[in-house]
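Dear colleague,

I am handing over the structure below, followed by notes on what was found in it. Please read the notes with the structure open beside them.

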Amino acid sequence: MKFCGLFIRVLRDSNFECDRSKKGLSNYKMDKIVIRGGNKLSGEVVISGSKNSALPILFATLLTDEPAKINNVPSLDDINTTLLFLNFIGKKTVKKKNTVEVYSSESRLYKYIAPYDLVRKMRASILIMGPLLARLKKVYVSLPGGCAIGARPIDIHLEAFEKLGAEISVESGYVRTFAKGGLKGTTINLRFPSVGATENVLLTAVLVEGKTIITNAACEPEIEDLAIVLNKMGAKVTGAGTKNIVIEGVRELHGFEHNIIPDRIEAATYIIAAAITKGEIVLKEVIPQHLKSINDKLKKSGLYIKELGNKIYVKWIKDLEPQNIKTGVYPEFPTDVQAQWMTLMCLIKGESSIKENVFENRFLHVAELRRFGADISVNGRVVNIKGVEKFSGASVIVSDLRAGAALILAGLAARGTTTVSRVYHLDRGYDMLEKKLKELGADIRRVFS
Ligand code: UD1
């Protein structure tokens, strides 16, 4: 625990991931997206598989030598990074359309080092720690990367590993985690219900002797999806999707086949796209329950939304009314939709506010939204918005994945032309973004660098 205190401070003070990732721009794509705003969206859109579900499930394949087949995997840069990662560690991966198959090499030898060049691209890379610690009893991981939306330390993950019996040190930018004396099931109370930490504990404890109980666990649907996969592999996990998860460790796990759940964040983005363009669309392949907090607010605002099985029908029928929101952990309003929501509120007559409770620095899109004419003021974690009648097209730069979605929405609603730069952030998390929007009637195109 002594170690963790020091480490937490190092991470919180340095905000290193943002600085490091800026230096690694050399291989980033510099494509732009150009939008001529004003078209009402209409038609049908099929929602892709969830990025945040697919990533931990791909890492779960490291828990077995047997083959795995994962369907409904979205085509995204974060998925490609994960496949590169699995290949580097010693797996063989084959991606055909939306299916990924993962095999072991003949040697079944796995590396225990996750190098900076892979980790810097994606914060979820830290999910490599759980499976490798469980199987190899040691793992060296370069300090993580990801979006520039706050310090995003990994102290909760490390505290949990320590409770399971691991020893941790930091050397030359690597977190070295060992389980020399083995790991033992225990009760782990998460200080905050971190999604990644809950997943990392699950990915370890399934192969740890004894019973592990996670209290104050994250309840996101992606955690449930991971637990379903782990149980298909032979694990004994109960309570996933609630605050208390119980894991009875088993000696070995097996291959599996699984269909990834739909991406609720992508779905929310398209619902907001319909609202902001005064359109009428049908979303297919969704789980409406996963979108309840967002749809409840939109309905209250005056948007017509009808849930029909695995479809959602959305129609703008009248001017929307402003609504205040606070982000929170599931089932509360997701932080991953805060930026898109802000764009919508900017174009609704009246005043509204947003409180960001999950990340401490997730308002990087505010400055860019102002370029369209938005009237927004920021006070710490709270944003106050005065709705304006219209946006005018602008040249803007994406700072992180969901900020990028907010700017695309702004461009769709704005009069005139919008040019969005650094769209590589969007490629991390939106499958066929321009194609889907074009099919819904948007005037949008990519300019390749
Ligand atoms: C996941 C999602 C991300 C989403 C976030 C919150 C994936 C791949 N990403 O990220 O899209 O925005 O959940 O819903 O699933 N924290 C600590 N110490 C830790 C871990 C987290 O202080 O060890 C803090 C973070 O800085 C942040 C908050 O806890 O302020 C939430 O983080 P967490 O739930 O862990 O998010 P991620 O798993 O990184």
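Valine 34 stands opposite arginine 445 in strand S24, and it also stands opposite threonine 419 in strand S23. Strand S1 (residues 32–36) pairs with S24 (residues 443–447) in the antiparallel sense over five bridges, and S1 pairs with S23 (residues 417–421), again in the antiparallel sense, over four bridges. Strands here are DSSP runs of E with at least two residues, helices are runs of H or I with at least four, both numbered from the N terminus, and two strands pair if DSSP finds at least two bridges between them.

This is a predicted model, in which local features need pLDDT of at least 70 and side-chain atom pairs count only at pLDDT 80 or more, while totals for chains, interfaces and linings use all residues. Residues are numbered from 1 along each chain as its sequence is written, and side-chain values use heavy atoms, with hydrogens and water left out.

Turning to the ligand, 18 residues lie around it, of which Asp155, Ile156, Ser194, Asp336 and Val358 come nearest; a residue counts as near if one of its heavy atoms lies within 4 Å. As for polar contacts (pairs of N or O atoms within 3.5 Å), a polar side-chain atom of arginine 123 lies 2.8 Å from an oxygen atom of the ligand, and a polar backbone atom of valine 195 is 2.8 Å from a ligand oxygen atom. Helix H7 (155–163) gives the most to the shell around the ligand, with three residues.

Best regards

Terms used
Polar contact = N/O pair within 3.5 Å; in protein donor to acceptor, adjacent residues only side chain to side chain.
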